[in-house]
Amino acid sequence: MSKDEDDEYEQQAILEQVFGHSSSSDSSFDSDSDNCYSKWERIEKVKGLWIVRNFLSSHKQSRLLSSIASENWFTQPSINQSMRFGYQNLPRWAINLSDSICQSCSSSPSPFLQNLSMRYPFFDQMITNVYQPGEGICPHVDLLKFEDGIAIVSLESSCVMDFTLGDETVPVLLEPGSLVMMYGEARYVWKHEINRKDAGFQSWKGQLLDQTTRTSITLRKLCSSPPSI
Ligand SMILES: O=C(O)CCC(=O)C(=O)O
Ligand SMILES: [Fe+2]
């Protein structure tokens, strides 16, 4: 799976510590392509978990929210999720988003993500979720019918996503416009959850997070053959 590639990343990181790298901070990497500025950050405690905090500018976030609104999926309060299966069934904006994630992965410091960017189609399944204040998602590992390498793009309200393994919890702040990529252990071994049960429940570095509506777009690729694990 991703172990060798993660080890390869670690070796590269050690070399950079010894010989230096143009990018200054540890576990960060800058790339600038097609007006898309991607600073990849590795969540060290969860192997295979990476985040780009400013993946989408405010302008791109607004455009994406308008595109979602124009689908008219969420016209009733009881409907908070829309799923599309198959590349040909993805809306144009989801294909564009998938393309820019793919491009960003190709210039990421992770050998796994670089290699993943050669997959075609990169993603062929999409879920858009709308969470009202107080709503989140229970701890889970994504279904094995999806291949390794899963993306989550966050819009609107910030929230904390907890990654748990046994009694260990690693909280990750998901801000609007951020991109999370998970693979390997982060995808198959750690559970992820968003617990927004009570207003004022979530906090980050001692600050309460203001819970408003949150929208997320999850992009995945269906396994073409049954998973081997
Ligand atoms: O909404 C999110 O940020 C996460 C969604 C998720 O984990 C899923 O659909 O499997
Ligand atoms: Fe999930």
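The paragraphs below lead from the surroundings of the ligand through a sheet to some individual residues.

This is a predicted model, in which local features need pLDDT of at least 70 and side-chain atom pairs count only at pLDDT 80 or more, while totals for chains, interfaces and linings use all residues. Residues are numbered from 1 along each chain as its sequence is written, and chains are lettered from A and ligands numbered from 1 in the order in which they are written.

The shell around ligand 1 consists of Ile127, Asn129, Ile137, Asp142, Ile152, His192, Ser216 and Thr218, where a residue is near a molecule if its C-beta atom, placed from the backbone, lies within 6 Å of it. By residue class, the shell holds 3 nonpolar, 4 polar and 1 charged, with Ala, Val, Leu, Ile, Met, Phe, Trp, Tyr, Cys and Pro counted as nonpolar, Asp, Glu, Lys and Arg as charged, and the others, Gly among them, as polar.

One of the shell residues, isoleucine 152, belongs to strand S7 (residues 150–156). Isoleucine 152 counts as buried because 20 other C-beta atoms lie within 10 Å; a residue is buried at 20 or more such atoms within 10 Å of its own, exposed at 12 or fewer, and partly exposed in between, with C-beta atoms placed from the backbone. Apart from neighbours within four places in sequence, isoleucine 152 is in contact with Val180, Ser216 and Thr218, contact being defined by C-beta atoms, placed from the backbone, that lie within 7 Å. Ser216 and Thr218 are also among the residues around ligand 1. Between isoleucine 152 and aspartate 99, which are 53 residues apart in sequence, the C-alpha to C-alpha distance is 14 Å.

S6 and S11 run antiparallel and are joined by 2 bridges, and histidine 140 has histidine 192, in S11, as its bridge partner.

Glutamine 202 lies in the loop between strand S11 (191–194) and S12, and counts as buried because it has 23 C-beta neighbours inside 10 Å. Leaving aside neighbours within four places in sequence, its contacts are Cys159, Val160, Arg196, Leu209 and Gln211. Of these, valine 160 is 42 residues away in sequence and 6.8 Å away in space, C-alpha to C-alpha.

Some backbone features occur in loops. In the loop between strand S12 (203–204) and strand S13 (207–208), lysine 205 has a positive phi of about 50 degrees although it is not a glycine, and lysine 205 is exposed, with 6 other C-beta atoms within 10 Å. Asparagine 72, in the loop between helix H2 (58–70) and strand S4 (81–85), has a positive phi near 55 degrees and counts as exposed because it has 8 C-beta neighbours inside 10 Å. Finally, the peptide bond that joins tyrosine 120 and proline 121 is cis, with omega about -10 degrees, and proline 121 is found in the loop between helix H4 (111–116) and S5.

Terms used
Helix = DSSP H or I, 4+ residues; strand = E, 2+ residues; numbered from the N terminus. Contact = placed C-beta atoms within 7 Å. Pairing = 2+ DSSP bridges.
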